Amino acid sequence: MKKYYKAIMLVLVVCCAGLMINAVQDAPTDENLEVKIVNDYNIYALPLPDKMSFAGEEVPLSDPDIRERMDRELLVNTYWQSNGLLIMKRAKRYFPVIEPLLKKYGLPDDFKYLAVAESALQNNRSPAGAAGFWHFLKSTGREYGLEINDYVDERYNLELSTKVAAEYLKKSKERFGSWTLAAAAYNAGNAGISKQQKRQDAFGSYYDLLLNDETSRYLFRILAFKEIMSNPKKYGFNFREQDLYQPIPTYEVVIDTAITDMPAFAKKFNINYKILKLHNPWLRDTYLKNASRKKYTITIPKEGVYSMGQ
């Protein structure tokens, strides 16, 4: 009898649970709307950290204007979940490449989050024509010695473009005296920051300047990425190690000749044209002119990483 009673109770519990689940999953009605709002999706105000810093420079969070601007970027980037999760997946692959380059070229590690803010760790192109992980315009890239033409665009070369970003940012740091102003100048230009400093008679801190909407949000967006990516679970991002995009093992081949047929060149290394271009996005055409016999370093994935084209 007891077994029979327990069986009946178990069935009732399962039925009730099923009804509750259906009530939440079904389309909202006047009766279940409040239940669905609570169970389907919750939005929370985010408490700001007690302290934040960029490149060793403290953020003045006691200032109400600064707190509200920081709050905005934390909310926007926490609740843009798909973008945030994709960035964290890419960071597993690209931060191990970017971090030693920043150290090599003399930039604080926090500048990896500037690359996140610029390109979301993708070799992409902005509507204004800025390209690569660090989003250089053609004019700036050429000014700092990058080769940019129909066949080669070194803005898409991660090591070379990181070197140029470091040179630009270090010059800005020397000019303005702080890494935060250097970061702002990366967005607005050195001339743009200098103009506003003179106009407002404010030569001390980035946080004292009234700037256009994009530049006034820029550093706070970088700080938001730093905070969220440093504490993903705190902000609701849950993933396993195997969910992240792992670094791809590669080796380098140095050439000093033209490549007249790039698909044929790729086949020499047991890969196809697509894979060659994925690992060398700075190669912009189906062939490479090289009358000057310049040395180029080609990145090739190790045998067995890809099965396509083999």
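Tutor: On a 1 Å grid over the protein atoms alone, a pocket is an open set of points where a 1.4 Å probe fits, with protein on both sides within 12 Å along at least five of seven lines, and its lining residues have an atom within 4 Å of a point. This is a predicted model, in which local features need pLDDT of at least 70 and side-chain atom pairs count only at pLDDT 80 or more, while totals for chains, interfaces and linings use all residues. Residues are numbered from 1 along each chain as its sequence is written, and side-chain values use heavy atoms, with hydrogens and water left out.

Student: What is the volume of the largest pocket?

Tutor: Rolling a probe the size of a water molecule over the atoms shows where empty space is left. Grid points are joined across faces, edges and corners, and a volume is the space filled by probe spheres set on those points. For the largest pocket, the volume comes to about 1100 Å³.

Student: Which residues that line the largest pocket are the closest to its centre?

Tutor: The lining of the largest pocket is made of 32 residues. Of these, the closest to the pocket centre are Tyr94, Val97, Leu158, His279 and Thr299.

Student: Where does the largest share of the lining of the largest pocket come from?

Tutor: The elements are DSSP runs numbered from the N terminus, helices being H or I with at least four residues and strands E with at least two. At least two lining residues each are supplied by α4 (81-104), α7 (158-176), β3 (250-255), α12 (273-279) and β4 (296-301). The largest share, six residues, comes from α4.

Student: How many nonpolar residues does the lining of the largest pocket have?

Tutor: By class, Ala, Val, Leu, Ile, Met, Phe, Trp, Tyr, Cys and Pro count as nonpolar, Asp, Glu, Lys and Arg as charged, and the others, Gly among them, as polar. The lining of the largest pocket has eight polar and seven charged residues, and its number of nonpolar residues is 17.

Student: Which element gives the most to the lining of the second largest pocket?

Tutor: The second largest pocket holds about 770 Å³ of space, and of the 32 residues that line it, the closest to its centre are Glu118, His135, Asn187, Glu214 and Tyr218. Two or more lining residues come from each of α3 (64-78), α4, α5 (112-119), α8 (179-188) and α10 (213-230). With six residues, the element that gives the most is α10.

Student: Which elements do the buried residues of α5 pack against?

Tutor: A residue is buried under 20% relative accessible area, exposed over 50% and partly exposed in between, computed with a 1.4 Å probe on protein chains only. In α5, eight of its eight residues are buried, including Tyr113, Leu114 and Glu118. Taking contact as heavy atoms within 4.5 Å, these buried residues pack against α4, α8 and α10.

Student: Is Lys112 buried or partly exposed?

Tutor: Lys112 forms a salt bridge with Asp109, the closest N and O atoms being 2.8 Å apart, and Glu99, Asp109 and Lys112 are linked in a network of salt bridges. Asp109 counts as partly exposed at 36% relative accessibility. Lys112, at 7% relative accessibility, counts as buried.

Note on methods:
A salt bridge is a side-chain nitrogen of Lys or Arg within 4 Å of a carboxyl oxygen of Asp or Glu.
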